[in-house]
Amino acid sequence: MGDPTNEAKGLEGGVSDDGAPGTSGGSATSPVHVPVRYRRTWEDGFGARGWKLALPGLGEDVIAATPFTGERIPTSVFVHDIVDHHLCGFALSGYLDEAGALMQLALRTGSDPVEDYRQMIDEDLLPGRPVADDWPALLPQALRPVTDTRPDPEHLRGLAQWAGQGALRALLVAGFVQAGYARLASARANWEGYGLDVRAREAIALALQRLFERLDERMLAGDVRHAEGLFEITNRRVAYRDAGGALEDAEIVREDPADA
């Protein structure tokens, strides 16, 4: 087994001054484009103001996001969706993809993913109300339902009665952690496949957050009803372009995140 620190953070290799990678990434000369949509009020059943990713299967069925960061994490949910989900190859739904994305969030921020894993377990799985069908993979093989069809949530309720909620919670937490760790290599490969340096993940996320805050403030100040555009991401700079391709704002990716 390789060194998990190197596997997770890509310490080997380097990137030259012009953004060309060493062994830790692909070419960074072509920006990564992430299309997004803004609505003052989304007619989606939630009615929230904010932003969504304009990618197939990545955002239309989730509540719109704003730059709010909370107390533990210096970047918003929207930046998490871009940096830890999309650019690492994880969907916004499904427990296994969430396990992988939350592990990526932990690696770039130092947060503990177990708190978020426990929240999904306590809200969805222990009550037997899963919102995705991949939950059996979080269980030890011997405890998984034996079926080739859609797994029955009643199986979870039966396990809770048999083992007790405490034991089942511990088993599911272990499953989430294992699933997150098992996806480190694929996340890195996906990130580098976009030509991005894995060592710049934290700085890119912080630059996106700063840009996102300014952009959202302008939408509020201008009472904008709706907008479409894209974020443009490289190892050196992140930018936002409107639907016509015009550059509206940009932010330098700072080498030392402490300077942010």
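## Close-up views

**View A. Glu 232 touches Pro 31, Val 32, His 33, Arg 237, Val 238, Ala 239 and Arg 241, leaving out residues up to four places away in sequence (contact means heavy atoms within 4.5 Å).** Before going on: this is a predicted model, in which local features need pLDDT of at least 70 and side-chain atom pairs count only at pLDDT 80 or more, while totals for chains, interfaces and linings use all residues. Residues are numbered from 1 along each chain as its sequence is written, and side-chain values use heavy atoms, with hydrogens and water left out. Glu 232 sits in strand 3; helices (H or I, at least four residues) and strands (E, at least two) are DSSP runs, numbered from the N terminus. Glu 232 is buried, with a relative accessible area of 9%; buried means under 20%, exposed over 50% and partly exposed in between, using a 1.4 Å probe and protein chains only. The Glu 232 side chain also makes a polar contact of 2.8 Å with the side chain of Arg 241. A polar contact here is a pair of N or O atoms within 3.5 Å; within protein, one must be able to donate a hydrogen and the other to accept it, and residues adjacent in sequence count only if both atoms are side-chain atoms.

**View B. Glu 251, in strand 5, is another buried glutamate, with a relative accessible area of 8%.** Look for Arg 210 here: its side chain and that of Glu 251 are joined by a polar contact of 2.7 Å. Skipping neighbours within four places in sequence, Glu 251 is in contact with Ala 207, Arg 210, Leu 211, Arg 214, Arg 237 and Val 238.

**View C. Five strands make an open sheet in the order 2-1-3-4-5, paired antiparallel.** Two strands pair if DSSP finds at least two bridges between them. Strand 2 and strand 5 (247-252) are at the edges with a single partner strand each, so one side of each has no neighbour in the sheet. From one strand to the next, the twist averages 25 degrees. Strand 1 and strand 3 run antiparallel and share eight bridges, and Arg 37 stands opposite Glu 228 in strand 3. Helix 2 packs on the sheet, where it touches strand 1, strand 2 and strand 3, and its direction makes about 15 degrees with that of strand 2. Helix 8 packs on the sheet too, touching strand 1, strand 2, strand 3, strand 4 (237-242) and strand 5, with its direction at about 145 degrees to that of strand 5.

**View D. Strand 4 and strand 5 form a hairpin with four residues between them.** In the turn, Gly 245 has a positive phi of about 95 degrees.

**View E. Helix 2 (residues 77-85) has eight of its nine residues buried, so the rest of the structure largely encloses it.** The buried ones are Phe 78, Val 79, His 80, Asp 81, Ile 82, Val 83, Asp 84 and His 85. What covers them includes strand 1 (32-39), strand 2 (50-53), helix 3 (95-109), helix 7 (184-193), helix 8 (201-221) and strand 3 (226-233).

**View F. Helix 2 and helix 3 pack at an angle of about 100 degrees, with axes 9 Å apart.** Axes are lines fitted to C-alpha atoms, for helices over the stretch in contact, and angles run from 0 to 180 degrees between N-to-C directions. The two helices are therefore roughly perpendicular; that label covers 65 to 115 degrees, with under 35 roughly parallel, over 145 roughly antiparallel and the rest oblique. Helix 2 brings Val 79, His 80, Val 83, Asp 84 and His 85 to the contact, and helix 3 brings Asp 97, Glu 98, Ala 101, Leu 102, Gln 104, Leu 105 and Arg 108. The contact residues split into five nonpolar, three polar and four charged. Ala, Val, Leu, Ile, Met, Phe, Trp, Tyr, Cys and Pro count as nonpolar, Asp, Glu, Lys and Arg as charged, and the others, Gly among them, as polar.

**View G. Helix 3 and helix 6 (residues 165-182) pack at an angle of about 70 degrees, with axes 7 Å apart.** This pair is therefore roughly perpendicular. Tyr 95, Leu 96, Ala 99, Gly 100 and Met 103 of helix 3 meet Phe 176, Val 177, Ala 179, Gly 180 and Tyr 181 of helix 6. Eight of these contact residues are nonpolar, two are polar and none is charged.
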